[in-house]
Amino acid sequence: MNLNHLSRLAIEVMLPISILVGAGAIWPVYFREISGKTLRIQLNRLVLNLFYPAILFSIAATTPITPELLSVPLLVGIGTLLAGAVLYLLLYRSPLGCGMHNGTRAALTVSGMFGNTFFVGVPVLVYFYGAEASRYAAFNDMLMTMPIMWSLGVWICTRLGPPESAGLHPPIWRLMMGIPPIWAFIAGALMQLSGFVFEPLIHAARLIGQATIPVTMFVLGLSIPWRNLKPRMAILGVAAVKIGLMPLLVAVAASLLYVHTTEPQQAAVIEAGMPTMMSALILSDRFHLDTEAAALMIGWTTVLYWFSLPAMAWLMH
C-alpha cells in the first residue's frame, strides 16, 4: 500500500465517518430542545429495531455460508478470548488495576474485548475488499460478538463487577431472543438456505438498512464524552490491547490455523482492530458498571483508530 492508497482510505472511509461523528458531537450544542442523551437513546432504538435488522436480513439472505466465511468469527473469537485473558491479568492481577473499583475494571474489560465490528467494520472492509465484504462484519457480529458478549460478557459484568450487579443473572436465552437483529439474521439465513429468495423483500430491506451506519456514526459522536478525553494510564493501556494487541493475536492465530491466509482471514485481522463497540455503554448501564470508563474507552479507541488503521493497512498490504 502506497501513499495514494492511504490518501484514498482517508478520503473514502475516514472523512465521511469523521464528519458524521463530528456532527453528532456538536449537535447538542446548537439543537437543545432535545437532550443529547434522549436523542442518543431514541436513535439507538431506531437502529436496533429497524435499520440494523433490515441490513442483516438482506446480507444473510444473499450470502452462502462457507468454511472460509466462518473463519472470520472463529479467528475474531479467539482474539476476543485471548484479549479478555490479558485484560483480566492487567486489571485484576497487576499494578495497573490497583485501587480501581470493580465496576471500572469490569467496564474496561468488556470494552477492551468487543469492537465496533459492524458499524465501523463495514465501510473499512468494503473499501479493501468490495461491497460483498459486508458479509464478514455481519457474520462476525451474529456468530461471535452476540453470543460471547451476552454470555461471557454478562458473566464478567455480574461476577467480576461491583457487588450490586452480582444479583443480576438474566437467562442468556431470554437476552438473546429479545434482540431483533438476531431474529432478522436467522430469517435471512433460513431464506438463503431454503433457496427461496424473494428479491423485492431483500431489496426493501437493503434500502432501509442503508441508514444503519450513518445514523450509528452520528450516535457515536453523541456518545463520546469529548470534554473528558484526558489521557489516563488505565484507559490508554486497555485501548492499546484493543486496537494494537488484539489484531496481532488474530494474525498469529490465522498463521497457525491456515497454511495460506486469504481475504477472510485478513478481514478477521481488520475486524479485531476495531474501536470499542457502543454496546459497552449498554452493558455498563444495565449492570451498574462505570459508564464513564466505557464511554472514555469508546472515545479514545475511536480517536486512536484513525492512526492505527493506516498503519495496519500499510503492514497488511
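Which residues make a nonpolar surface patch of about 900 Å²? The patch is made by Ile65, Leu70, Leu143, Trp173, Met177, Trp183, Ile186, Leu190 and Leu193.

## Before you look

This is a predicted model, where local features need pLDDT of at least 70 and side-chain atom pairs count only at pLDDT 80 or more, while totals for chains, interfaces and linings use all residues. Residues are numbered from 1 along each chain as its sequence is written, and side-chain values use heavy atoms, with hydrogens and water left out.

## The overall fold

The protein chain has 14 helices and zero strands (DSSP runs numbered from the N terminus: H or I of at least four residues for helices, E of at least two for strands). Its radius of gyration is 19 Å, close to the 20 Å that the globule rule gives for 317 residues, so the chain is as compact as a globular protein of that length. That radius is taken over C-alpha atoms, and the rule is 2.2 Å times the number of residues to the power 0.38.

Along its principal axes, the C-alpha trace spans about 55 × 50 × 40 Å. Of the 317 residues, 52% count as buried (under 20% relative accessible area; exposed is over 50%, partly exposed in between, with a 1.4 Å probe and protein chains only).

## Inside the protein

The largest nonpolar core has 103 residues. A core here is a set of buried Ala, Val, Leu, Ile, Met, Phe, Trp, Tyr and Cys residues joined through side-chain atoms within 4.5 Å. Leu108, Phe118, Val124, Phe128 and Trp150 have the most contacts inside it (a contact means heavy atoms within 4.5 Å). Helix 6, residues 134-159, gives the most to this core, with 13 residues.

Now take Trp150: leaving aside neighbours within four places in sequence, Trp150 touches Thr145, Ile172, Leu175, Met176, Ile179, Leu283 and Arg286. There's also a second, separate core of seven residues, including Ala54, Phe57, Met191 and Ala205.

## Back to the patch

Helix 8 (180-194) and helix 7 (172-177) each supply at least two residues of the nonpolar patch, and helix 8 gives the largest share, four residues. Patch residues have over 30% relative accessible area and no salt bridge, with nonpolar side chains (Val, Leu, Ile, Met, Phe, Trp, Tyr) joined within 5 Å and like charges within 9 Å. A salt bridge would be a side-chain nitrogen of Lys or Arg within 4 Å of a carboxyl oxygen of Asp or Glu.

Ile65 sits in the loop between helix 2 (36-60) and helix 3 (67-92), and is partly exposed, at 39% relative accessible area.

Notes: Accessible areas come from the Shrake-Rupley method with a 1.4 Å probe; for residues, only the protein chains shown count as cover.
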